[in-house]
Amino acid sequence: MLYALARPFLFALDPERAHALTLGLADAAQRLGLPGAARAAGTPVRAMGLEFPNAVGLAAGLDKNAAHIDALARLGFGFLEVGTVTPRPQPGNLRPRLFRLPRAGALINRMGFNNAGLDAFLANLARASWRGVLGINIGKNADTPMARAADDYATCLERVYAHASYVAVNVSSPNTKDLRDLQAPDSLDALLGRLAALRERLAERHGRRVPLALKVAPELDAAQVQAVADAVRRHGVDGVIATNTSVAREGVEGLPHAGEAGGLSGAPLRARATATLAAFAAALRGEAALIGVGGILAGAHAAEKLEAGASLVQLYTGLVYRGPALVAECILACRRKSRTASTASR
């Protein structure tokens, strides 16, 4: 209810300014000890070798620098994913770079992995008191040559390893030049091979094996899905996050800002992202956990992701349009879906 009252004011602001203001207010409420969002009791989920108190998580991109973990944890999420972080600070693309398409329930962003770099990111993690399931999303700096991309991912993995419940490897943002080329079979095989080998050394050093998840694009065709799934299986990657934002513009044609460059998220992405998720479910046959993200603006949409094969779901754009109440709604929908599935299997 409070968010519904605040939304017209927030939507009157530049989207990036509204984003910063919302996070600042959430931080202030947390520091003052004000009540958090209404919580819903969810069904615990075991995935990637981890125990999640419920199936609903925060997608990467909302808290790029891990600066708002304690405030965001008060919304009732079963897990948080922060980042994308790159080894060195970078400003990202020029503003404006975030656009609302309210008639479509969508956003277009071309942020470009803007973040404060690993040093600031790790300092923020050290200040956070929350100890729930934390995913850390890693990427490459825009000025790192593609031939050296794996160096950036390896640097990030090594430095965040001790702090992460799982690490998400982001090779699918459309806003870093040529990044999606890393999804090509040879490139992906080389990258995952290097990260898997490094993960084994880090597991021995730290005494625990941190799961790896791969975040993929929604535009992959059947052959590409199979190739990615084969690489995931071959290198022991624990999860696939399906999907990132889309470069397609289906469902927003003719709307203001529809022609802006960047990745489309929100309601128009839902069908495409769910189809890609289902394709990975068929290709992997349970050999890696699936996290469904893209177009979840209602509890029924979260349940739809579970039906398509996901164990977990993530929210971002839906929070912009629906506010914190969406978290509890999705938790309840996932709980009902889990109970229905459990009853049907008896």
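## The largest pocket

About 1,100 Å³ of space lies in the largest pocket of this structure. The model is a predicted one. A set of 40 residues lines the largest pocket. Nearest its centre lie Tyr-3, Thr-22, Ala-26, Leu-75 and Pro-324.

What kinds of residue make up the lining of the largest pocket? It divides into 33 nonpolar, four polar and three charged residues.

## Elements around the largest pocket

Several elements each supply at least two residues of this lining. The helices are α1 (2–11), α2 (15–32), α3 (69–73), α10 (317–322) and α11 (325–344). The strand β5 (98–101) is on the list too. Which element gives the most to the lining of the largest pocket? That is α2, with 10 residues.

## The second largest pocket

The second largest pocket holds about 730 Å³ of space. Its lining counts 42 residues. Ala-60, Gly-61, Leu-62, Lys-64 and Tyr-316 lie nearest the centre of this pocket. Two or more lining residues come from each of α2, β4 (79–85), β6 (106–109), β11 (263–266), β13 (312–315) and α10.

Again, α2 gives the most, here with four residues. The lining of the second largest pocket divides into 16 nonpolar, 22 polar and four charged residues.

## The two linings side by side

Look at α2 in both places. Helix α10 supplies at least two residues to the lining of the largest pocket, and it gives two or more to the lining of the second largest pocket.

Methods. Residues are numbered from 1 along each chain as its sequence is written. This is a predicted model: local features need pLDDT of at least 70, side-chain atom pairs count only at pLDDT 80 or more; totals for chains, interfaces and linings use all residues. Side-chain values use heavy atoms; hydrogens and water are left out. On a 1 Å grid over the protein atoms alone, a cavity is a set of points where a 1.4 Å probe fits but cannot get out, and a pocket is an open set with protein on both sides within 12 Å along at least five of seven lines; lining residues have an atom within 4 Å of a point. Grid points are joined across faces, edges and corners, and a volume is the space filled by probe spheres set on the points. Ala, Val, Leu, Ile, Met, Phe, Trp, Tyr, Cys and Pro count as nonpolar, Asp, Glu, Lys and Arg as charged, and the others, Gly among them, as polar.
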